[in-house]
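Have your viewer ready and try each task before reading on.

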Amino acid sequence: MTIKEFFSFKANKYFWLNLMAMVAVVCLLFFGVLKWLDSYTRHGEAVVVPNVKGMTIDEAEMLFRNHGLVCVVSDSSYVKNKPAGSILDVTPSVGQKVKEGRIIYLTINTLNIPLRPVPDVADNSSMRQAQAKILAAGFKLSENEMIPGEKDWVYGVKYMGRQLEMGDKVPVGATLTLLVGDGEELPVDNDSIQNADSIMDSHESPVDDSWF
């Protein structure tokens, strides 16, 4: 093959048409793949997580739906000054940009107030010690109920009129009442005194008068 014959294809217009067609097809395929990837990954599309703190779950679901997002409750906590069931926090956080259709996880204020054991202060604490323990455990205190006994000594704890036993649990933040001694002596049971006297009499030795 001569050099002239090797370069003779340059004068063939069909060769150039085919080459241009191949280049066009490759370009179309390249841009088509990029467009598909862009659509598949939603490149450039972002949704800002709205602030739903303090809302109910129904209100948050409606707002998230309008933004193309989905929400689920993933955790709960207890905050006494927040309404039960209200939203405390969201993940991802408020204001963060996420893809449309992203699941947002909610932390809500628990619907049921948790129970907590009352500190054991009966018959082992002074009034000040008991008050400090009760308040530190997250409870409130009403005015003390004074009863006969050693002054400022705690003899028991009441909740809603019922005296609590050691280990009893009540709602967190409940108001408790301390049973505190007023310094007066405990009343003496007359029957007990009489019984004690009779027992002592029964144990006295009889007088032997045989020597008279």
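**Exercise 1.** Find the residue that forms a salt bridge with D89, and say where the two partners lie.

*Solution.* Step 1: the partner is K53, with the closest N and O atoms 3.7 Å apart; a salt bridge is a side-chain nitrogen of Lys or Arg within 4 Å of a carboxyl oxygen of Asp or Glu. Step 2: D89 sits in strand 3 (residues 87–91), while K53 is in the loop between strand 1 (47–48) and helix 3 (57–66), so the pair links distant parts of the chain, 36 residues apart (helices are DSSP runs of H or I with at least four residues, strands are E runs of at least two, numbered from the N terminus). Step 3: D89 has 35% relative accessibility and counts as partly exposed, as does K53 at 45% (buried is under 20% relative accessible area, exposed over 50%, partly exposed in between, with a 1.4 Å probe and protein chains only).

A note on the source: this is a predicted model, in which local features need pLDDT of at least 70, side-chain atom pairs count only at pLDDT 80 or more, and totals for chains, interfaces and linings use all residues. Residues are numbered from 1 along each chain as its sequence is written, and side-chain values use heavy atoms, leaving out hydrogens and water.

**Exercise 2.** Which residue forms a salt bridge with K158?

*Solution.* Step 1: look to E145, where the closest N and O atoms are 3.3 Å apart. Step 2: K158 belongs to strand 9 (residues 154–159) and E145 to strand 8 (residues 145–147), so the pair ties together parts 13 residues apart in sequence. Step 3: K158 is partly exposed at 21%, and E145 is partly exposed at 30%.
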